[in-house]
Amino acid sequence: MSEQKPRATAHARWVKILYILTLFFMALTGFGQMPIYNRYYMSDIPGLGWLANFYITRNIHYIGAVILLGLAFYTALDFILTKRQQVTLTASGWLRAGLLSAIVLSGALIVIKNFPYVHFSDGVIIGVDLFHLAAVMAFLMTMLVCRIAKKKWAVAT
Amino acid sequence: MFLKGGLAAAVGAVATAVPGAQALAAADDRGYVATLIDIRKCIGCEACVQACREASTSKFPEPQKPFPKMYPSRVKVSDWSEKRDVDDRLTPYNWLFIQHATVRINGEDIDLTLPRRCMHCVNPPCVKLCPWGSAKQLENGISRIDPDICLGGSKCKNVCPWDVPQRQTGVGLYLDLLPSLAGNGVMYKCDRCYDRIARGELPACIEACPEEVQTIGPRQDIIAKAHVIAKEIGGYVYGENENGGTNTIYVSPVPFEELNQATTTGDGRPHLKPVHDAMADANHLAAAMVIAPVAGLATAAARFLINRSKGEPHGNQEEAKNV
């Protein structure tokens with residue numbers, strides 16, 4: 001990437017910080033839906049005992065989903081209204097947006113499934129659970145690669 | 001025993017007998033079938049326990065030994081295969097047991113006994129929070145664990161308000177994956193004879209009971225019956241609202257707090273305390289997930305309008321380049 005990196009505005013910095021913090025806690029609590037933190041001593045670390053409580057991690061995951069949804073829709077409309085004419089999404093930007101959408105949509109299905117009297121078929125439940133996990137893994141890997149390769153979401157047109 | 005029999009006889013006309021397999025076809029308007037357990041009638045003969053064992057024998061685990069070495073060392077083997085005869089608590093080989101309590105009624109000490117097993121919650125945390133989909137809830141409300149795909153992580157037991165599911169190491173899918181590093185067997189619990197019910201038969205425990213302690217039928221009818229009996233005897237109902245509602249409704253002549261204090265509870269021996277709806281908090285948060293996109297869109301639109309009023313319809317140019 002040869003473009004000069006402009007100084008971020010306070011607004012953009014706050015959006016970015018909120019986005020990264022939300023993703024961090026969602027990934028942390030999302031992986032916590034598997035019984036691994038207690039087994040592998042993570043919840044033994046002082047201050048992290050709550051990681052072994054599935055109800056706490058689930059509630060935090062849901063709160064994270066609320067923030068992420070708000071942020072995603074805000075960012076999408078803000079992009080359309082104010083930045084579409086100045087910038088264009090890169091290929092890695094499209095990939096990240098696509099993976100994030102897949103995570104949100106599969107997560108929404110899991111949230112719906114958790115209501116009383118809602119029944120999905122066994123295959124759908126297993127498929128959605130695995131797809132959600134796979135999409136998260138792919139998204140985190142993509143984020144890591146983009147970070148190392150300094151790939152941006154969008155570039156100036 | 002006499003008092004228990006007398007109490008039961010007094011409302012015999014109200015507490016109908018086992019309704020027969022035809023009742024199973026008539027689930028409530030949400031499709032759920034529930035059981036009523038009239039504690040007064042139970043004589044603690046354990047016919048239900050034996051019937052459960054016989055009906056479930058083919059589902060019991062046959063673990064491979066020696067067990068894989070587990071890492072890290074804190075992961076303990078859970079082996080009940082050498083203790084299959086244990087019948088005073090829930091185990092992978094005993095999905096139903098009789099709980100005993102001595103309580104005082106009308107100045108007289110009375111021994112009450114009650115069958116205990118999975119409550120089959122209306123919205124079962126074991127099913128809904130299973131990370132792998134191996135715990136399932138059937139259309140008729142029965143929850144069961146699929147032994148072919150359960151990894152034995154025991155999350156279902158952890159999130160169950162009554163700690164019902166029990167683990168057996170050395171069996172199941174985890175042996176074919178990473179047996180030392182992930183999983184630890186299969187979780188087992190009452191499946192309310194879902195296969196017998198599918199064939200139009202009664203669950204084994206209900207069919208075998210000589211005292212007709214259990215009644216099965218549409219959930220709304222079972223709850224109505226429970227309240228009729230409770231009203232007749234000045235008794236109490238448990239399971240209707242616990243954990244947001246279950247498909248196992250107990251009726252007792254004494255308060256369940258008293259029963260709970262008078263019985264032995266602990267691992268494999270479920271309590272009888274009030275239970276708040278474990279799934280409710282997060283499900284309430286889900287409402288905010290509907291509002292969040294609207295709030296996000298409204299904020300972006302407001303920001304755009306504010307910028308336009310300032311003569312910057314496309315926002316800060318530096319910011320636009322820094323996506």
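## Where the two chains meet

Let's start where chain A touches chain B: the contact takes 49 residues from chain A and 48 residues from chain B. Two residues are in contact if their C-beta atoms, placed from the backbone, lie within 7 Å. On the side of chain A that touches chain B, two or more residues come from each of α1 (10-31), α2 (54-83), α3 (91-113), α4 (122-148) and β2 (154-156) of chain A. Helices (H or I, at least four residues) and strands (E, at least two) are DSSP runs, numbered from the N terminus. With 19 residues, α2(A) makes up the largest share of this side.

Sorted by class, the side of chain A that touches chain B has 30 nonpolar, 10 polar and 9 charged residues. Here Ala, Val, Leu, Ile, Met, Phe, Trp, Tyr, Cys and Pro count as nonpolar, Asp, Glu, Lys and Arg as charged, and the others, Gly among them, as polar.

## About the model

This is a predicted model, in which local features need pLDDT of at least 70 and side-chain atom pairs count only at pLDDT 80 or more, while totals for chains, interfaces and linings use all residues. Residues are numbered from 1 along each chain as its sequence is written, and chains are lettered from A and ligands numbered from 1 in the order in which they are written.

## Two domains in chain A

Chain A is assigned domain 1 (9-87) and domain 2 (89-152), with bounds from an automatic or database domain assignment. The C-alpha centres of these two domains of chain A lie 13 Å apart.

## A sheet in chain B

Now look at chain B, where an open sheet of 4 strands runs in the order β8-β1-β10-β9, with mixed pairing. Two strands pair if DSSP finds at least two bridges between them. At the edges are β8 (214-218) and β9 (236-238) of chain B, each pairing on one side only. Strand β1 (residues 33-38) of chain B pairs with β8(B) in the antiparallel sense over 5 bridges, and Ala34(B) stands opposite Gly217(B) in β8(B).

## A closer look at Thr113(B)

Find Thr113(B) in strand β3 (residues 108-116) of chain B. Thr113(B) counts as buried because it has 20 C-beta neighbours inside 10 Å; the cut-offs are 20 or more other C-beta atoms within 10 Å for buried, 12 or fewer for exposed, and in between for partly exposed, with C-beta atoms placed from the backbone. Leaving aside neighbours within four places in sequence, Thr113(B) is in contact with residues including Cys42(B), Ile43(B) and His100(B).
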